[in-house]
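Please examine the structure shown here together with the report below.

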Amino acid sequence: STLLLNTLTGKTSAGSIVVTGEGGSTTTNLQQGLIKQWVNLTAATPAYKDSFNASTVTDEGLGLYEYPFTNPMGNANYSAVGCASTKGTANSYSAIVTTGDSANSYGLHSTASIRFNTWAYNASSLSDQDTVNSMVSGDLA
């Protein structure tokens, strides 16, 4: 059978739907398990290849990017992960994507946006990458 819906609302709490896990003995909260923002970005001239819950990308300097959320996060205690890479040259390398900079002067999470930097580990410096991917999980406002 097919169930067609436009909206799911929790019975006890409108924003909470519990789903039984694969083994049948545990549950997970559907809303908590969803990615709240993701981006796939071309970094040298920052532009989204594709994105979800992200408005314009801001180039904050070499290897530094800010992604404002279309819908803000509920608090700044969310989790963010990312990866980046440059390919196709003799100097191809991967990068580590982090929030903030080594002195934490660049800024970390806020409810309105997240800032990332891309660090080329083979050059030991900030570096623009061909592709930057990141995802954010947490509570929306």
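## Basis of the model

This is a predicted model, in which local features need pLDDT of at least 70 and side-chain atom pairs count only at pLDDT 80 or more, while totals for chains, interfaces and linings use all residues. Residues are numbered from 1 along each chain as its sequence is written, and side-chain values use heavy atoms, with hydrogens and water left out.

## Salt bridge

The structure holds one salt bridge, defined as a side-chain nitrogen of Lys or Arg within 4 Å of a carboxyl oxygen of Asp or Glu. Arginine 115 and glutamate 66 form this contact through their side chains, at 3.2 Å from N to O. The pair links distant parts of the chain, with arginine 115 in strand β9 (residues 113–120) and glutamate 66 in strand β6 (residues 64–68), 49 residues apart; strands are DSSP runs (E, at least two residues), numbered from the N terminus.

Glutamate 66 is buried at 14% relative accessible area, whereas arginine 115 is partly exposed at 25%. Buried means under 20%, exposed over 50% and partly exposed in between (1.4 Å probe, protein chains only).

## Aromatic pairs

Three aromatic pairs are counted; rings of Phe, Tyr and Trp (its six-membered ring) pair if their centres lie within 6.5 Å, and planes under 30 degrees apart count as stacked, over 60 as edge-to-face and the rest as tilted. Tyrosine 67 and phenylalanine 116 form a tilted pair, 5.5 Å centre to centre with 35 degrees between the planes. Tyrosine 67 is buried at 0% relative accessible area, and phenylalanine 116 is buried at 1%. Ring pairs link Tyr48, Tyr67 and Phe116 into a cluster.

How values were computed:
Helix = DSSP H or I, 4+ residues; strand = E, 2+ residues; numbered from the N terminus.
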